[in-house]
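Here is a short report on one model. It covers strands, a helix and ring contacts in turn.

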Protein chains: 2
Amino acid sequence: MHEADVAADALVLPDLDAIRSAQSRIAPHVHRTPVLRCRSIDAEAGAELFFKAENIQRTGAFKARGASNAVFSLSDQEARHGVVTHSSGNHGAALAYAAGRRGIPAFVVMPESAPRTKQENVRRRGATIRFCAPTLEARDAACAAIQRETGARLVHPFDDVRVIAGQGTAALELIDESPGLGAIVAPVGGGGLLSGTSIAVKSGDPAVRVFGAEPANADDAARSFRSGSVEPLASTTTIADGLRTTLSPRTLSAIRAHVDAIRTASEAAIVRAMRMIWERMKIIVEPSAAVPLACLLEGALDVRGMRVGIILSGGNADLDRLPWQS
Amino acid sequence: MHEADVAADALVLPDLDAIRSAQSRIAPHVHRTPVLRCRSIDAEAGAELFFKAENIQRTGAFKARGASNAVFSLSDQEARHGVVTHSSGNHGAALAYAAGRRGIPAFVVMPESAPRTKQENVRRRGATIRFCAPTLEARDAACAAIQRETGARLVHPFDDVRVIAGQGTAALELIDESPGLGAIVAPVGGGGLLSGTSIAVKSGDPAVRVFGAEPANADDAARSFRSGSVEPLASTTTIADGLRTTLSPRTLSAIRAHVDAIRTASEAAIVRAMRMIWERMKIIVEPSAAVPLACLLEGALDVRGMRVGIILSGGNADLDRLPWQS
C-alpha cells in the first residue's frame, strides 16, 4: 500500500509479516532482551511466569522497538528532514534515539510542565524539545507547526502502523524463547504494545490467550474494549504514568479483534507488584511495567498453573520518589 | 589433608583445582549469573566493563557460592547435626539456603540489634536465629555454645578454605565469558571473595591484574595490605555495610600473594556509582557492590582503555532507605 493510502486509513494494522520485517529492520538498533524467571514470584502467583525484560531495552523501554521501526522504514527522501512526535515519556526518548542512529533530526513536543528528568532524557539523545501548553490542542498544533516548518515526518507514539509492528517484536521473541506459553499479558496505555503483541501472538497460535492490564484508576481501555468506542480517561491519578493515555480507533480495533480480555489492578497492588519485582528479581521496573503482575496477584487474571509471558515494559522509574515511600 | 589438620592451619588456602571442584559441587545449587555490559557507563569510566551479576545470585549475593561449597563438602556424618555461623548479613541467608538444600539444620548467630529485614531473610529460609550481645566475644561464645549443644559444624563467613574456594567460582565464570580481560576488581570486606577471586585469576593468567575495592571510611584492608598484619577497622561509618569487617590472617595471606593493589572510594562516589548502576543498568545492587565502580569513577584504578571485570557482589539493598535520599 502506498504511504498516502496508509495515512488515509486510520484503521490499517500490521500483519505478522510486517512484524517479522520489523524484527529484521530493527535488529541492529535494539537489544534482544532476556526472558527472566523468578521462582519465588511464581509461588506467589501460582503460575510459571516468563518476564520479557524490556526495562533493559535501549532507552529503558520497549518504545525503542516501534520508534526504530518507524525511523528505519522511511526512505532517505522521507527521512531527510527528520521526525517529530509528542511525548513527555519513553516514546520521546526512543524517537530521539532512533533518529540519532539514523543521523536525522528529531523534534519532541512536550508540555512545559514535563519533569526535568524526562526533558533531560530526550535532550541528551540529541533531540530538540518544543514546549507547548498542557492541552491536546496545543500539542497537536505544535506538532503540525514543526511539520510545516521543517518537513519532519510525524511518528505518533502508538497510532502508527510501523510503531505497532515494532512493538509486536517483543512478543515474537518472548514466544520464541518460552515454549508452551498459555497466555501473554501486556500493559495497555495507548495500545501500541498490546496491539502489536496480540497480532504477533494470535497470528502464530490463536490458542494462546492475550490479556491487557491497566490501572483501575485509568480503566479507559477496559471500558473501550466493552463498548467498542474509544472511551475517555476518567482520571489520571494512577502512579502508572505510562498508562495515562486513551486508545485510538486503530489500536482499539486490533485489541477488539485479538485480545481476550483487559483486566485492572488497584494502585496498592501495582505498588506491591513493583516492589516485589525490585526485591525478588533485583531489577528496576517503572510502575506501568508492574501492572500485569499486579492483576495476577489480585486474582484478576485466571491463569493458575499456566505458563504466562509478561512484558516488563520499561525501567525508567523515578529513583528520588519511590511509590512505597510516603 | 585431613580435616583436623586443615582446621589447625589457619593459613591454608584453596588452589585452582579446589576452586574448579567447588564449581562442579555447587553447580546444582547456584546460578551461573550473566555478565552484563553498559556502554554509557563504559563511556563514563573510560574502560570496557564486564559486570558479573551476583546481585541476582540465589539469596541475592555471591555468598551462596561459598556457603554451598562448604555445606556440600561435608560428609553425611559431618553434616548430620547441621551448620552454624555468625552473620547479620548475606552469609547468614546463604548458609540457611545451602543447609536447606541439603536438608540439614542451620543456626545463625546475630546481634540483637540486627535489622528486622535481615532477620527475616535468614528465618524464612528455615534457619534458627540465636541472638547475642553486639560484641565479638559474645558472638564467638554463642557460636561455640551452639556447636557444643548441637554438634553443628562452624562455617565462618570468610575465614574458611571451602568458603574461599566457593567464592572464587564467580571469577572463573567471569573470565570464561569475557575474553581479554586486563583486570578484575572485587569489593573487599573480610576478604573471602577477593581471596578466591585472586587465586582463580592469577593461577590461570598471572598477567591479569586483580584489585580490591573498599570504602575509604573502612580502609582496613588497604592498611593491612601495606603493613602485612591484620589492621583493625578505624570506623564503621560507611554505607557499604557488607564491607565493615576486617581480614583474617588467612585472607590477608592470599591477598598479599595474589592481589596487585587495594583502592578506596569516598562515600559520595559509592552513592554515585550505586545510583548510576540502578539508573543505567536497571538493576538493583547494594552499596558494597558499587564500590569497585566508585573506585574507577574517582580515578583510583588505573585501567583506562582496558577490559575490566567487576564483581557486582550483591543486591540486597534496603528499598526503604536509599542512600541518595536524605
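## Strand 7 of chain B and its neighbours

Strand 7 and strand 10 (residues 307-312) of chain B pair in the parallel sense, over three bridges. One contact in that pairing can be named: Val185(B) has Ile310(B) in strand 10 of chain B as its bridge partner. This is a predicted model.

Strand 8 (residues 209-215) of chain B also pairs with strand 7 of chain B. The sense is again parallel, and the pairing runs over five bridges. Here Ala186(B) stands opposite Gly212(B) of strand 8 of chain B. Between strand 7 and strand 8 of chain B the chain passes through helix 10 (residues 192-204) of chain B, and this β-α-β crossover is right-handed.

## Burial of strand 7 in chain B

How many residues of strand 7 (residues 183-187) of chain B are buried? Five of the five are, so the strand is largely enclosed by the rest of the structure.

In a regular strand, side chains alternate between the two faces of the sheet. Strand 7 of chain B can be read residue by residue. Ala183(B), Val185(B) and Pro187(B) point one way. Ile184(B) and Ala186(B) point the other way. Residues on both sides are buried.

## The sheet in chain A

In chain A, six strands form an open sheet. Their order is 1-2-10-7-8-9, and the pairing is mixed. Which strands sit at the edges? They are strand 1 (35-36) and strand 9 (261-265) of chain A, and each pairs on one side only.

Strand 9 of chain A pairs with strand 8 (residues 209-215) of chain A. That pairing is parallel and has five bridges. Within it, Pro215(A) has Ala265(A) of strand 9 of chain A as its bridge partner.

## Helix 10 of chain A

Helix 10 (residues 192-204) of chain A has 13 residues. Its first and last C-alpha atoms are 19 Å apart, close to the 18 Å expected at 1.5 Å a residue.

The helix is mostly covered, with eleven of its 13 residues buried. Among them are Leu193(A), Leu194(A), Ile199(A) and Val201(A). Lys202(A) is buried too, as are Ser195(A), Thr197(A) and Ser198(A).

## Aromatic pairs

Over all chains, the structure holds three aromatic pairs. In one of them, the ring centres of Trp278(A) and Trp278(B) are 5.9 Å apart. Their planes lie at 80 degrees, so the pair is edge-to-face. It crosses between chains, from helix 13 (residues 267-281) of chain A to helix 13 (residues 267-281) of chain B. Both Trp278(A) and Trp278(B) are buried.

Trp278(B) also pairs with Trp324(B): the ring centres are 5.1 Å apart and the planes at 90 degrees, so this pair is edge-to-face. The pair links distant parts of the chain, 46 residues apart. Trp278(B) lies in helix 13 of chain B, and Trp324(B) in the segment after strand 10 of chain B. Trp324(B) has 15% relative accessibility and counts as buried because the cut-off is under 20%. Trp278(A), Trp324(A), Trp278(B) and Trp324(B) form one aromatic cluster.

## Charges over rings

In chain A, the charged end of Arg37(A) sits over the ring of Phe50(A), 3.9 Å from the ring centre. In chain B, Arg37(B) lies over the face of Phe50(B), at 4.0 Å from the ring centre.

Note on methods: Residues numbered from 1 in each chain as written. Chains lettered and ligands numbered in written order. Predicted model: local features only at pLDDT ≥ 70, side-chain atom pairs only at ≥ 80, totals over all residues. Heavy atoms only, no water. Pairing = 2+ DSSP bridges. Helix = DSSP H or I, 4+ residues; strand = E, 2+ residues; numbered from the N terminus. Buried < 20%, exposed > 50% of the residue type's maximum accessible area, 1.4 Å probe, protein only. Right-handed = clockwise from strand over helix to strand, strands pointing away. Expected span 1.5 Å × (residues − 1). Phe/Tyr/Trp six-rings, centres within 6.5 Å; stacked < 30°, edge-to-face > 60°. Lys NZ or Arg CZ within 6 Å of the ring centre and 35° of its normal.
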